[in-house]
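Welcome, and please take a moment to open the sequence and the 3D view side by side. We will walk through a few places together, one stop at a time.

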Amino acid sequence: AETGAPASSGSGNNLPLEQVALGDVRIVNGTLNYVDDTTGASQKVRKINVALALENLASPLGAKGDLGWKSEKISFDGTLTSPKQVMESQPANLNVKLSSRLFAASYTGKISLADVLRLSGGVKADVSSARRLAGWLGTDLPPSQGFGPLKFSGNMQTEGTRHTLTNARLGLDGATATGTVTVLTGGTRPKVTADLKLSELNLNTYLFDGASPAPGAKKAAPANKAEPETINDLLADPEAAPGTRVKGYSQRTGWSNDPIDLTSLGAVDANAKLQVGRLLFKKIKVDRTDLDVKLAAGKMRVDFTDIRLYEGHGRGVVTLAGAKNPTVGANFETTNISALPLLTDAADIKFISGKGNLTLAVAGRGPSQFAIIETLNGNAAFKFNDGAVIGLNIPAAYRALSQGRISNIKSAPSEKTDFSALTATFKIAKGIATNTDLQMLSPLLRVTGSGRIMLPPRQVDYTVRPKVVGDLAGQGGAADLGGVEIPVRITGTFDKLSYQPQLGEVLSNPD
C-alpha cells in the first residue's frame with residue numbers, strides 16, 4: 001500500500017460502494033412471498049424472470065423481465081439512474097414500463113426511499129377493460145354496459161399512502177375528465193378526493209344489472225316454439241323477457257324488476273367535486289351540471305348545486321344507502337322548466353306543455369326499480385304558465401255539446417286546450433300520487449281536478465272539471481253552457497289515455 005493510503009483488509013469490507021459491480025445476473029422462475037403486517041394479507045409473486053445490468057452501484061441499473069401475479073403475466077422494462085442514490089436516501093431517476101393482457105403503463109420521474117416511498121413524475125396507463133382490471137385487483141363491478149376502455153395520464157406525486165394525480169386526463173367509455181385526483185390508501189377503504197371536469201356522464205351505461213343478459217347478447221329462440229297466449233303461459237315460460245311484475249304478471253315494458261346491487265359503493269370512500277358538460281339518465285337529458293359527491297361506508301349523497309336542464313335551472317339532492325336492498329331519496333327544485341320535453345323524457349307524460357317550476361321530494365326502498373317505485377313516498381308540486389293540455393280540446397267539446405252532439409271526447413296530438421296557469425300538488429304514498437287541488441286558468445275556462453296517478457302500473461285515474469267562464473266564439477248553438485261544469489274522466493296507461501265526459505253529472509245539474 002502507498003504511504004497515507006488506507007489499508008485494505010483481506011475481507012474486502014472497505015471496498016467503496018461505487019466499485020461494487022454485477023456481471024450477468026439473472027433470476028429464473030423465482031418466487032416472492034409478501035405479508036402485510038398491518039392487515040395480515042399475504043401475496044405470492046410467481047415465475048419471476050429478471051435480467052439485471054449494472055456496471056457499478058453508481059451507474060444506471062437496468063432490469064427487464066416478467067412475473068406472474070394473480071394468474072396474469074406482467075412484463076416490465078426499467079432503468080434506475082443510480083442504486084447508490086437510493087441506498088443513500090437520495091432521489092434517483094426511474095423510467096419503467098409495465099404491460100400485460102389487461103393494461104400498459106409507464107412512469108418517468110423521481111423515486112426516493114428515504115423513509116417512505118416517494119414518487120414524482122409523469123404516469124400514463126391504457127386499460128383494455130376497467131371491469132376486468134377491477135376484477136383482477138379484487139373488486140367486482142356491477143354488471144353493466146360500462147367500465148370498458150380506460151386511459152389516464154398526468155403528473156403523479158406519491159408519498160407513502162398518499163397518491164395525487166395532477167393535470168390529470170382520464171378517458172372512460174368515450175367520456176373524458178380533467179382535473180386532480182388524490183387517493184389515500186392504508187385505511188379500511190381507499191379514500192378518493194377529486195376535482196374534475198367531465199365532458200359527459202351517461203349514467204345509462206352503468207345501469208345494466210346482473211339479472212339481464214350481457215350487453216348485446218341474444219339467445220336464439222327454439223324452432224317452432226308457440227307464442228304464449230295467456231298470462232299463465234307467460235309466467236310458465238322460463239325464457240320470457242324480464243319486465244315489470246304487476247299483480248302477478250310480467251309486463252314487457254315499464255319499471256325493471258331486475259335486482260339492483262350497490263355493493264360496489266362500499267369499495268371506496270370519496271369526496272368529489274364534479275362539473276359535467278352533459279348528463280344522461282334514462283331519457284332525461286341535462287346540460288351543464290355542478291355536483292358534489294360524498295361516499296362513505298357504502299352510503300352516497302350527491303348534491304346538485306346547479307343544474308341546467310330543459311331551458312331552466314334546478315338544484316337538488318340524491319341519496320343512496322344499502323347494498324342489495326337500497327334506500328333511494330331525491331329532493332329537487334327547478335325553475336323556468338319547459339314542461340313537455342321534461343315530462344316526456346322523465347315519465348312518458350306527453351300531454352302538458354308550458355314553462356314553470358317543479359318541486360319533488362320522494363324516497364323509496366327495494367331490491368329493484370319496480371320495488372322502489374312501489375314503496376315511493378313523498379310529495380310533488382308544479383306550476384306552469386302559458387301552456388296547453390295536449391290531445392284534448394275542451395272548447396271544441398263544449399261546442400259539440402251545445403250543438404246537441406254527444407259522443408266520447410277523442411284525443412289527438414293536434415288538439416289542445418291553452419291555459420295561462422296550471423298548478424297542482426301531489427301526495428305520494430306507496431307509489432300512488434294523489435291530487436285534489438288542480439287548477440287551470442285560461443281566457444275561456446276554469447278547470448279544477450282531482451284523482452290519482454298510479455306509478456307502479458303506470459296508470460291514470462283522474463277527473464278534470466272544466467267550466468266555461470266566457471263566450472265561445474263560433475259556438476253556433478242556441479244553448480248557453482256558460483257556467484256549466486262538465487267533468488271529464490281521464491283513465492288508462494301513460495301512453496294510451498282515454499277521455500270520458502261524465503254527462504250524468506251535467507244532466508242532474510238544475511242549471
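The paragraphs below visit some strands, a loop and several aromatic side chains.

Before we set off, please keep in mind that this is a predicted model.

Let us begin with strands S7, S8 and S9. Strand S7 covers residues 118-127 and strand S8 covers residues 150-159; the two run antiparallel and are joined by 10 bridges. To find your bearings, look for Arg118, which stands opposite Glu159 in S8. On we go to strand S9, residues 162-172, which runs antiparallel to S8 and is joined to it by 9 bridges. Here you can pick out Asn155, whose bridge partner in S9 is Thr166. S8 and S9 form a hairpin with 2 residues between the strands, and in this hairpin Gly160 takes a positive phi near 65°.

Next come the aromatic rings. How many aromatic pairs are there? The count comes to 6. One of them is formed by Trp69 and Trp136: the ring centres are 5.2 Å apart and the planes stand at 75°, so this pair is edge-to-face. Since Trp69 belongs to strand S3 (residues 61-69) and Trp136 to helix H2 (residues 130-137), the pair ties together parts that lie 67 residues apart in sequence. Is Trp69 buried or partly exposed? With a relative accessible area of 24%, Trp69 is partly exposed, whereas Trp136, at 12%, counts as buried. Ring pairs also bring in Phe103, linking Trp69, Phe103 and Trp136 into a cluster.

Another aromatic pair is made by Phe382 and Phe384. Their rings are stacked, with 5.1 Å from centre to centre and 20° between the planes. Phe382 is buried at a relative accessible area of 15%, and Phe384 is buried too, at 1%. While you are looking at rings, turn to Trp255: Arg458 lies over its face, 5.1 Å from the ring centre.

Now for the loop between strand S2 (42-54) and S3, where you will find Asn56. This residue is buried, with a relative accessible area of 16%. What does the side chain of Asn56 reach? A polar atom of that side chain lies 3.0 Å from the backbone nitrogen of Ala58, and a polar contact of 2.9 Å joins the side chains of Asn56 and Ser59.

A further stop is an open sheet of 3 strands, in the order S12-S16-S17, with mixed pairing. Strand S12 (201-202) and strand S17 (284-286) are the edge strands, each pairing on one side only. Strand S16, residues 279-281, pairs with S17 in the antiparallel sense over 3 bridges. Within this pairing, look for Leu280, which has Lys285 in S17 as its bridge partner.

We finish with strands S27, S28 and S29. Strand S27 (residues 459-468) and strand S28 (residues 488-493) run antiparallel, joined by 6 bridges. Gln459 has Thr493 in S28 as its bridge partner. S28 is also joined by 6 bridges to strand S29 (residues 496-501), and these two run antiparallel. Here Ile490 has Tyr499 in S29 as its bridge partner.

Conventions. Residues numbered from 1 in each chain as written. Predicted model: local features only at pLDDT ≥ 70, side-chain atom pairs only at ≥ 80, totals over all residues. Heavy atoms only, no water. Phe/Tyr/Trp six-rings, centres within 6.5 Å; stacked < 30°, edge-to-face > 60°. Helix = DSSP H or I, 4+ residues; strand = E, 2+ residues; numbered from the N terminus. Buried < 20%, exposed > 50% of the residue type's maximum accessible area, 1.4 Å probe, protein only. Lys NZ or Arg CZ within 6 Å of the ring centre and 35° of its normal. Pairing = 2+ DSSP bridges. Polar contact = N/O pair within 3.5 Å; in protein donor to acceptor, adjacent residues only side chain to side chain.
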